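Work through the exercises below with the sequence and the 3D structure at hand. Try each task before reading its solution.

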Amino acid sequence: EEGVPCHVDALSFPVFGLTWYGTPSSGATSNKKNAGVSAIAYCGGGGSSKTGVFNKIMMRVTVDNVASSDDDDNASNEGGGGGSTTRSIEISTGEALCFGIHAFRPHDDALGMVRLLACVGDEVLVYGIPLFEEDDIGGGGDANDNSGQDGKKGDSNNSNNGGGAILLGKINVGKGYGVNVATYTPIHKQGRLLHSVAIGCENGIVVLYHLEENATTVQFHKVAECHGHTKAICAVNFHPRGMQVLSSAKDGTARVFCTESGVELGVMTCEVHDPNGPPPTKIDANAAAGKTKDPRMMKRPPQILVRGCAYGDLEGKTIYTIASGKRGAAYLTKWRTLVPLNSAPPNTAGGGGGPASATSPTTANMSFRQEHRVQCSPVPISATALSSDGTLLALGSVEGSVLLYNLEKQSVMKQFEGHDLPVTCLAARPIPNVLMLPGELEGGVNFDAVSASADNRLGKWTLQKKSRIKPVSSRGGGSSRQMSALELYLWSIFRIPLLILLGLLIVALHDVYDICGEEVGLNALLMDMNAAGHCIYREVLWAESNRPGVQFVPE
């Protein structure tokens, strides 16, 4: 859209997974640990083929420049005293497609790396991406020695600036599981910091792991498998305190599981009809099967796809789900969690955390109350993402539109048309909009969401109407400004009369010079204002009635 600082980048392959990690920019700093980070990664490719179809992961990392405390002047001249540096990393996934990725950085990070979870086939791989090029270990060439599938060596990591990704570890979730999505959260338990990972699979199972880092390797320790969904998982999210994991699937439900035992705590059954209208007619699948044996003629209930789910507050009492069918409108539902006060905590395996309270939401059977359900899109939604402050919801439709939805006002704030095919993945802004990510101060735009699609496009969207940086004219460094529509309209109307007046003025000045210059002289014309005014009025502009030639007798 003209005038809006959004832009769409052309890519070399279709994209199926997207993630965005960021910490606020600290400006000029001499400590690498305090440097702000913005990392956008996307994955995809052309499918499985031994001939190679560019199946890969691309990541762009922007970090604050770090100035040397001993030589700030030299660092500033080299770009280290302010601003930011961006570099690109490419990771090949060989013959297998990567469908889901998630970037994070632990609080106790000792490696100075952004971690990247990659869902490739039945495996989950963990990569480490050094924040600074000089911190690369092995230059990225040895990162993928074991990253290929079936024990084959993967392609080397390449970076436009020489940096690479380091394969820290991987795990095979299970044969035929088909890993779709992954997420991470830190959990504080008994004075320890646990790194928990939830994996959503194509077979409807959510698998929980704890990560253990040793030097430059990561080991997976399986915690539990969460059973309940009957179809593929679309999204997984941890409770803000890490004691639950929320998942949504193509079976029309969102479910909450305990992160210690994998026990299902509650189910939310989503609906996709207008809450103010009549309920849809129920279809009895068994009765339809008795009338005909042809599956094409059987009437089945419409499939409901719950594309997204997220916790809406820091206490985990509010849950949002976005559901739609294969056609028709999409609906946003706000749920309120209810935990019975008299429910007894069941025995949970793998806990070790002491006796749980009877009202603990990690063990009690939970119920959910639907606060409201509103239509958020007239067409089905294919991708969702919630902002870090829980106020803005990014929605991608099957028609290629990207909608920024305000959860407080329950309305679409802006809709962008940037894709020709359905939006496959979305990532919302990782920090509040009042804070800046590295590179945004120089760019003048704070983006609210990033989208991608199978049309080989990556879009960046913002609610800003214009950039904070004024465009600079190429002529002498002055500012360039375009005329508004009103100014163009007024100029088109008055430019001809103004030109006529200018011509008359030129003629009048010529007569003043010829007539009054001879009568009173040029010096008097310039010095004596009374004589000059009298000459101009009587001889040039106006003629008296008794002047010869003014009055005459008509024939």
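The exercises cover a cavity, aromatic pairs and salt bridges.

This is a predicted model, where local features need pLDDT of at least 70 and side-chain atom pairs count only at pLDDT 80 or more, while totals for chains, interfaces and linings use all residues. Residues are numbered from 1 along each chain as its sequence is written, and side-chain values use heavy atoms, with hydrogens and water left out.

**Exercise 1. The cavity**

Task: Find which residues line the largest cavity, and sort them by class.

Solution: 
- Start with the term. On a 1 Å grid over the protein atoms alone, a cavity is a set of points where a 1.4 Å probe fits but cannot get out; lining residues have an atom within 4 Å of a point.
- Search the whole structure. There is 1 cavity of 30 Å³ or more.
- Take its volume, the space filled by probe spheres set on the points. The largest cavity holds about 30 Å³.
- List the lining: Ile187, Ser196, Val197, Leu208, Tyr209, His210, Val223, Phe238 and Thr259.
- Assign elements. Strands are DSSP runs (E, at least two residues), numbered from the N terminus. Two or more lining residues come from strand S12 (192-201) and from strand S13 (206-214). S13 gives the most, with 3 residues.
- Sort by class. Ala, Val, Leu, Ile, Met, Phe, Trp, Tyr, Cys and Pro count as nonpolar, Asp, Glu, Lys and Arg as charged, and the others, Gly among them, as polar. The lining has 6 nonpolar, 3 polar and no charged residues.

**Exercise 2. Two aromatic pairs**

Solution: 
- Know the two values. A pair of aromatic rings is described by the distance of the centres and the angle of the planes.
- Apply the cut-offs. Rings of Phe, Tyr and Trp (its six-membered ring) pair if their centres lie within 6.5 Å; planes under 30 degrees apart are stacked, over 60 edge-to-face, the rest tilted. The structure holds 5 aromatic pairs.
- Phe104 is in strand S6 (residues 98-104) and Tyr184 in strand S11 (residues 179-189), 80 residues apart.
- Check burial (buried is under 20% relative accessible area, exposed over 50%, partly exposed in between; 1.4 Å probe, protein chains only). Phe104 and Tyr184 are both buried.
- Tyr209 lies in S13 and Phe220 in strand S14 (residues 217-226), so the pair ties together parts 11 residues apart in sequence.
- Tyr209 is buried at 3%, and Phe220 is buried at 13%.

**Exercise 3. Salt bridges**

Task: Find which residues form salt bridges with Glu371.

Solution: 
- Use the rule: a side-chain nitrogen of Lys or Arg within 4 Å of a carboxyl oxygen of Asp or Glu. The count comes to 14 salt bridges.
- Lys334 meets Glu371 at 3.6 Å, N to O. Lys334 lies in strand S21 (residues 330-338) and Glu371 in strand S22 (residues 367-377), so the bridge ties together parts 37 residues apart.
- Lys334 is buried at 17%. Glu371 is partly exposed at 31%.
- Arg336 meets Glu371 at 3.1 Å, N to O. Arg336 is partly exposed at 22%.
- Look at one network too: salt bridges link Arg105, Asp109, Arg115 and Glu213.

Key: On a 1 Å grid over the protein atoms alone, a cavity is a set of points where a 1.4 Å probe fits but cannot get out, and a pocket is an open set with protein on both sides within 12 Å along at least five of seven lines; lining residues have an atom within 4 Å of a point. Helices (H or I, at least four residues) and strands (E, at least two) are DSSP runs, numbered from the N terminus.
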